[in-house]
Amino acid sequence: MVTLAEVAQHAGVSASTVSYVLSGKRSISATTRRRVEESIRRLGYHPNAGARALASSRSNVIALMIPLRTDMYVPVMMEIAIAVATTARTHGYDVLLLTGEEGPDAVRRVVGSGLADGMILMDVELEDERLPLLRGDGRPSVLIGLPADTTGLTCVDLDFRATGALCVEHLAALGHRDVAVIGEAPAVYERHTGFAERTLDGLRSQARDSGVRLLHRPCEGGYAAMAVTLARILDERPGTTAFVVQNESAVEPLLALLRQQGRAVPEDVSVVAICPEQVAVQASVRLTSVVIPAQEMGRYAVEHLVAKLDGRGDEEVVLIAPELTVRASSGPAPARA
């Protein structure tokens, strides 16, 4: 790590001058300020917040890495972020929000600068490039999501594999034998994002056990993309009597398209969604759903991270059991099927 003294030497000024440039507590000439700032940029210096803290060397800041991608449902991500922030404050911590797609570089910046005492990572991929840095640094961290290998990591997530299985189990009990899955955008699967892959694994496993034919199709969401995806599904499997939707942006377009085709929900076709509760209850047909427990995930992540910061926590995987709520969108398979 580059030190403040090294920046001062490079810029040809005193260490106190560098400190004043960083803090803004004293007036520094424009020429000197530019020289110091150029040295900071060239050397890659990051002010060490922990070193400037009290004797505890704590910054009392938690870094939350939450890449805001266009192919993800941002309201869920932000609901988790709000739960993280509010829970962190109850423990005396502030939250540093990192929303870019920098991956390992963001982890290095947080570690190198001492900006935060610990980190919470979201949008976890099965083979996430950030994980070797977390394992190697030793800084307390928690993942909201599951990678393929959880060794040496603390993870909190909905049990998405059990979630997929629960959806198929519910539909199979109603007599459905041809089920189509409308998934997330293709890029989500191309990145091998953990929650999507695990849901699909649970769907397929339970379908095999239940004698259900399962067809999975990713979808960008929105009306136009949903129209193309639905047409493709019904062309391949005209006997489809049920849909599982793991794509909040596709829910209402799907219901609208089914109405246009004269397919009544749930008399002709059933729909089960994996989504936040407000999406399920505010849809044009109240949806049978497995809720995404965003607030619980955020709260548990902070509580486990604080325990680790206090020397009380161990590496563990916490999976929240899914709960399926039956509403108006699922019913017995039509007799003609």
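Residues are numbered from 1 along each chain as its sequence is written, and side-chain values use heavy atoms, with hydrogens and water left out. Local features of this predicted model need pLDDT of at least 70, side-chain atom pairs count only at pLDDT 80 or more, and totals for chains, interfaces and linings use all residues.

Helices here are DSSP runs (H or I, at least four residues) and strands likewise (E, at least two), numbered from the N terminus. Helix 14 (residues 294-309) has 16 residues and spans 23 Å from first to last C-alpha, close to the 22 Å expected at 1.5 Å a residue; the expected span is 1.5 Å times one less than the number of residues. Its buried residues (under 20% relative accessible area, 1.4 Å probe, protein chains only) include Ala294, Met297, Gly298 and Leu305. Among the elements covering the buried residues of helix 14 are the following.

| Element | Residues |
|---|---|
| Strand 1 | 61-65 |
| Helix 5 | 74-90 |
| Strand 3 | 118-121 |
| Strand 11 | 317-320 |

Gly311, with a positive phi near 80°, follows helix 14.

Thr199 belongs to helix 10 (residues 194-210) and is buried, at a relative accessible area of 0%. Apart from neighbours within four places in sequence, Thr199 contacts (heavy atoms within 4.5 Å) Phe160, Arg161, Gly164, Gln246 and Ile274. Gly164 is 35 residues from Thr199 in sequence, yet their C-alpha atoms are 4.8 Å apart.

Helix 1 (residues 4-11) makes contact through Glu6, Val7, His10 and Ala11 with residues of helix 3 including Arg35 and Leu43.

Definitions and conventions. Buried means under 20% relative accessible area, exposed over 50%, partly exposed in between (1.4 Å probe, protein chains only).
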